[in-house]
Each structure stands twice: as structure tokens, then as C-alpha cells.
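Student: I would like to learn how to read a structure with two chains, step by step. Could you take me through some of its features?

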Protein chains: 2
Amino acid sequence: MTETMTRYHHGDLRAAVLRRAEEVLRESGTDALSLRGIARDLGVSHAAPSAHFRDKNALFDALAVAGFRRLGEVMDAALATRGSLTDDLVTFASAYLDFATDNPALLSVMFARKHSETAGAEIAEAVAAAFAHPTALLTDGQARGEVVDGDPEVIGVTVLAAIQGLATFVGSGFVTPEQSQRMLEDVVATLMRGLAR
Amino acid sequence: MTETMTRYHHGDLRAAVLRRAEEVLRESGTDALSLRGIARDLGVSHAAPSAHFRDKNALFDALAVAGFRRLGEVMDAALATRGSLTDDLVTFASAYLDFATDNPALLSVMFARKHSETAGAEIAEAVAAAFAHPTALLTDGQARGEVVDGDPEVIGVTVLAAIQGLATFVGSGFVTPEQSQRMLEDVVATLMRGLAR
DNA sequence: CCAAGAATCTTGACAATGTCTAAATCGGTG
DNA sequence: CACCGATTTAGACATTGTCAAGATTCTTGG
């Protein structure tokens, strides 16, 4: 950055590329992301990243994996202390929406449909880890008798889908971050209560 | 209209560009979409589309508007005949997921965050029209005493978010279209029943 | 009817980008 | 210490979005 620490050629590229790529994504969006631009910012030649990322798609794949990993960590941290099921769901959704608000471009990369076959497995693993939480919350809730019976996986999908939908609305700008906090609570309350009378 | 378009130079470009752009989006995805490629396919010069679309972003904006309009029509058609609330919700969700399955790239364009200020209003209108249905369904359900009381807007957001989340999962490939049909029914059932016990 | 004037389309040019190839440079290992 | 693989560089190429004139067609007012 400001520091001209010109190690000869080498440094920990790949990590540096990933870091800078996420920055660009957050600050300027997806179209502003160019391999040459990143290389320029890092002070390496334009083809240097190709040693670590075969393709631009490979970079996107790596960004998606890193994104899901970080999302998982964020949720782990958010759910470190637990309360009632409703509270926990709100906490979970809130953490997710904060992530979506702070990284809309990254989120759309994560849910892009271009992942290579090989990266797909890695991504699927990270997704499973990040999305295991609601199912776990529901399983616990069932054990405490707070939650209706049924396959926690199935019920978890509903919760996950609702929150993911909200995240999409926030990420696409149809809902402002301010509105999202209220909506989130409404959605969780509605989910808990159910629609039928 | 069955008339072949190739008049002199002119024809109904703009419409032709939009049509071809949707085709490319459906058949080859977003990165395969290039203004020059479309112009080539239509047999016009590479700069011809610029008369109708200032930017590539302007084309994306127009695609998003057209997409939401068509989505609204699809839902109108699907909900022409009505049944029980549960059936109607399944019908609605099914129509949405079919759309998402058939046009994943278009869907991601529709929910991209790059819409220009001017197109934003047009899009918002189309979105409101397309997404008014679940709220209407719930209002009717409330009138019949099938649905819990409360602001239909608020409850509608939950339904919409859940379905949108499923659509995202399908569109990104995490869920196959075959799985989505079962999930959809599970999600609607869970929504109706509620989580609390 | 016809002459502007606007809309549409073409041609040419430019910078930027992703990607490929060949050569140079570094680090570690035998 | 020499060698080999990993890393980086330099150069080249096709493609793309965009801009600036210029040509062509359509429209419209006098």
C-alpha cells in the first residue's frame, strides 16, 4: 500500500489478490473488478495473478469459497451466546443481513451460477457449514419442545429461504438496510406464528 | 410480425435487440452477452444498438424491466383460477420457480444492483405489480378467515422472501429444479403451519 | 410536394481487458 | 552448488464497450 515493500517478485500473492479483490468488490462493485487492475494495485505484472488463478472465473470461485467461509464465521460468532429460539433466529438473520448489506457484490458472486466443477464441491462444503446453523437451532428448539415436530432439514430450508430472500432484496436495493431490520423481525415472527388460523 | 425483419437497414431494432439479448441470456448466460455479438447476430453494425441503448447497463435495465413485466404476466396467468390458499401459494411459488429455472441469468440481472436512477422507478413499478399477488392472496384468505390477522403487507413479505430465497437457490444451482418442487411444497406447508408449538 | 431536421445506422478508431506464449528470476532440494 | 519447479515478467492478440463523424432513411412543417 503506502509502504513500498518491494520484495523482489515474491510475496504472498494469491492471498493479496483475494484480499484486494474483496476490497474492490466492496468499494466499487463487480464490473470494476479486473485482474489487470488488481495486479496494478499490487504492483505486479498484469499476468502475475494467472499463476494462482487460471481464469477470472477461478478468482470468482475462490471469492465465493472465501465468502461462504467468512459468512460461516460471522454466524458462529453471532450465535456464540444463545437465547430463545425467536431471539436466536433474529440474531442469525441479523448477522446474515449485515453481511449482505456490507458485501452486496460479494454475495451475488457467491450465488452466481458459474462455479467450476472442482470448486463446486469446495463451495458446497462451505455452504453446508454456513447454513447448518438454522437447522441446529431448530433441532435444539424441538428438543426443548419449543418447535413443531418434523424433519429439521425441511423446516430449516424454509427459515433459510426466507432470510435469503430478504438478503436478496437488501442486496438488490429494493429494501434499504434500515427497513430490513424491521422486516427481519416481522418475518421471524410470522415464521414462528404461521399463516393458518 | 411473421414478416422477416430484414428491410433495408431499418427494422424494429431495440425490440430485436431485447429479444436476442434474452435468448443469449437464456442459452449462454450473462458473460456471453455482448452488444457487438448481438449486433452481429442481427446483421447490423456493431454500434447500431447504441441508438437505442446508451450503455450496456441501459440494456440490462431494459432487460430487468421486461423480465419483471413478464414475470408479472406469468403469475397473472398462473393465478387465473383460484383454489385454497395453500394451493394458490403453491401455484404462485411454482410459477415463480419455473421462471427462475428457465431464466436464471435473467433473474440475476433483474436483481442486480446497478439500475440507473431513471430505470429504477420503472423497475419498481414492475416489481410492485409482479409482487402484489401474494399480498392479495393473503388479504382474500383473511377475508375468508383462513389466515391469521395482521398487516397483509407484512405477512406477504415473509411469503415473498421465502419463495425468493428458493428461487435464488435454484438459480444458483444449489438446488436442482427437481428438488425445488418438493421443497416448495414443504416451504408452503411450513409457512402455513408455523414453527412454534 | 419538398426541403430541412431528427432518427437511425455505418465506419473507423481507441483504450481496456482476458488470455496465451516464451523468457527471466527466484526458492528450495538433492 | 547446480538444478528444477514455482513464480513472475514482457509481449502479443483477439474481443469488447464506447466515442466521434459521416451516410442514410424517416418524418414533418411550410
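Tutor: Let us begin with a term: a nonpolar core is a set of buried Ala, Val, Leu, Ile, Met, Phe, Trp, Tyr and Cys residues joined through C-beta atoms within 7 Å. Please keep in mind throughout that this is a predicted model.

Student: Which residues touch the most other members of the largest nonpolar core?

Tutor: In soluble globular proteins, nonpolar side chains tend to be buried together. Here the largest nonpolar core has 110 residues, and Leu166(A) and Leu166(B) are the ones that touch the most other members. If we set aside the neighbours within four places in sequence, the contacts of Leu166(A) are Leu97(A), Ser180(A), Met183(A), Leu184(A) and Val187(A), together with Ala161(B) from the other chain.

Student: How many degrees of rotation superpose chain B on chain A?

Tutor: Two copies of a chain are related by a rotation about an axis and a shift along it. In this model the rotation is 180 degrees and the shift along the axis is 0.0 Å, and chain B then superposes on chain A with an RMSD of 0.1 Å. That is the relation of a two-fold axis.

Student: Which helices of chain B supply residues to the side that touches chain A?

Tutor: The contact takes 37 residues from chain B and 37 residues from chain A. On the side of chain B that touches chain A, α8 (152-172) and α9 (177-193) of chain B each supply at least two residues, and α8(B) gives the largest share, with 15 residues. By type, the residues of that side of chain B divide into 22 nonpolar, ten polar and five charged. Because 100% of the interface residues of chain B are also interface residues in chain A, the copies meet through the same surface.

Student: Where is Arg14(A) found, and what is its phi?

Tutor: Most residues other than glycine have a negative phi, and most peptide bonds are trans. Arg14(A), in the segment before α1 (15-28) of chain A, has a positive phi of about 55 degrees although it is not a glycine. Arg14(B), in the segment before α1 (15-28) of chain B, likewise has a positive phi, of about 50 degrees. Arg14(A) counts as partly exposed because it has 14 C-beta neighbours inside 10 Å.

Definitions and conventions: Residues are numbered from 1 along each chain as its sequence is written. Chains are lettered from A and ligands numbered from 1 in the order in which they are written. This is a predicted model: local features need pLDDT of at least 70, side-chain atom pairs count only at pLDDT 80 or more; totals for chains, interfaces and linings use all residues. Copies are superposed by least squares on the C-alpha atoms of residues with pLDDT of at least 70 in both. Two residues are in contact if their C-beta atoms, placed from the backbone, lie within 7 Å. Helices (H or I, at least four residues) and strands (E, at least two) are DSSP runs, numbered from the N terminus. Ala, Val, Leu, Ile, Met, Phe, Trp, Tyr, Cys and Pro count as nonpolar, Asp, Glu, Lys and Arg as charged, and the others, Gly among them, as polar. A residue is buried if 20 or more other C-beta atoms lie within 10 Å of its own, exposed if 12 or fewer, and partly exposed in between; C-beta atoms are placed from the backbone.
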